[in-house]
Amino acid sequence: MKLSDIRFVVSNVFETINTFLSFATNADIMSLKQIGTVSNYADEESLKILALWKESISAIKLSQPISASSLFYDEYSHYIVVHDPIDIEFPEKRNEWNKRFTKDAGVSVVEFIKSEWNTIYVRGLFALNGSMVYGIVPYTAFDSKDARFPAAEMENVRNAVMEKVLPQIKGKTIVDIGCGIGIITIDIARRNLDSEVYGIEINDGLTKQCEMNSKLFQTTNVKFKTGNIYDLPFGDNSVDTATCFFMLHHLDDIPRALAEVKRMLREGGKIKAVDPIGHHHGPDMAASEWQKLFEEAGYSVDVKIIAGAVVSSAILLKNKI
Ligand SMILES: C[S@@+](CC[C@H](N)C(=O)[O-])C[C@H]1O[C@@H](n2cnc3c(N)ncnc32)[C@H](O)[C@@H]1O
């Protein structure tokens, strides 16, 4: 046999081994059986605001013949769900999320909410709509009805300030602008059962998710619309109270937004805004700068720092121009 023939045989043998190995690896992946599919309105755009999804509820539609009762038990509240990973590159400031959520396997710690036939509702799933689910097991190390994700600093601020602010939100018509996943909007609706409450969100996927969540919570006095704070889907002088929680600092043109809110507010109408201090993005304005912005837009305003956030409580007292 010539040297070139030996080389040819050896390279063929290696190629065969490589092919075999790649088949074996694929076979390993294939052995992960799909037991269900995620159903929510998470898309790449809305999952980029990942923190919101901790509070949102997603459905998992189980493949037959697995039933919810064989996976979820009365004695456990939290579960580990293995699913397709999130195929998103978060920005550098959120590199920690890249490390945690975009690896080869997607894993979420979720709270079991309820099951209906072969559909399970869980809180806290970090997975795109249509992702496959491969496994669900009780997470006993984290199990308690009161258990929550370890709170990040921003969440501590958020919980502390919202506890103070939410009871102050009143009005026959209340519009929560930039409502995200709608959890706060739903809370407002439940505290004001005689009011009409609306959540406005620029991201259509999030609006649909809000609707899914409010249906699940059976909140009937809340409606969600996709809309922009610069062009709100309400007539002039038609709203009593507007709220903007953790959203104004996202905007390029806050004065324009405040003018548009003013257009839809009735005389004597109110706007309550909460914005973080020292956040990773946004203008990070001092309380006095927020005050100036509201005053220049024609509001009478009281600005306070509560639990590490700026709370602006503004009112339209004078005749509207
Ligand atoms: C940090 S999140 C806060 C969500 C919610 N208010 C909360 O506290 O849970 C800000 C939200 O404002 C929305 N948003 C940003 N610009 C907007 C605009 N121009 N009009 C309406 N919503 C907007 C974003 O899509 C996002 O959901």
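Guide: Strands, labelled S, are DSSP runs of E with at least two residues, and helices, labelled H, are runs of H or I with at least four; both are numbered from the N terminus. Two strands count as paired if DSSP finds at least two bridges between them. In general, strands of a sheet pair through backbone hydrogen bonds, either parallel or antiparallel.

The model is a predicted one, in which local features need pLDDT of at least 70 and side-chain atom pairs count only at pLDDT 80 or more, while totals for chains, interfaces and linings use all residues. Residue numbers start from 1 along each chain as its sequence is written.

S3 and S6 are part of a closed barrel of six strands, in the order S1-S2-S5-S4-S3-S6, with antiparallel pairing. On average, neighbouring strands in this sheet are turned by 45° against each other, direction ignored. S6 also pairs with strand S1 (residues 36-39), in the antiparallel sense and over two bridges. Here threonine 37 is opposite methionine 132 of S6.

Serine 58 stands opposite valine 122 in S5, and isoleucine 60 stands opposite isoleucine 120. Strand S4 (residues 106-116) also pairs with S5 over five bridges, again antiparallel. Valine 122 turns up here too, opposite phenylalanine 112. S4 and S5 form a hairpin with two residues between the strands, and in that hairpin tryptophan 117 has a positive phi near 50°.

Now the other sheet. Seven strands make an open sheet with mixed pairing, in the order S9-S8-S7-S10-S11-S13-S12. Its edge strands, each pairing on one side only, are S9 (222-226) and S12 (300-306). From one strand to the next, the twist averages 15°. Axes are lines fitted to C-alpha atoms, for helices over the stretch in contact, and angles between N-to-C directions run from 0 to 180 degrees. S12 and strand S13 (residues 309-315) run antiparallel and are joined by seven bridges. One of the paired positions is valine 303, whose bridge partner in S13 is serine 312.

Helix H8 packs on this sheet, touching strands S10 (239-245) and S11 (265-276), and its direction makes about 145° with that of S11. Helix H9 lies across S12 and S13, running at about 160° to S12. Contact between two residues requires their C-beta atoms, placed from the backbone, to lie within 7 Å.

These helices also meet each other. In general, two packed helices are described by the angle between their axes and the distance between the axes. The axes of H8 (residues 254-264) and H9 (residues 287-296) come within 9 Å and cross at roughly 50°. H8 and H9 are therefore oblique to each other (under 35 degrees counts as roughly parallel, over 145 as roughly antiparallel, 65 to 115 as roughly perpendicular, and the rest as oblique). Ile254, Pro255 and Leu258 of H8 make the contact with Leu293, Phe294 and Glu296 of H9. By class, this contact has five nonpolar, no polar and one charged residues (Ala, Val, Leu, Ile, Met, Phe, Trp, Tyr, Cys and Pro count as nonpolar, Asp, Glu, Lys and Arg as charged, and the others, Gly among them, as polar).
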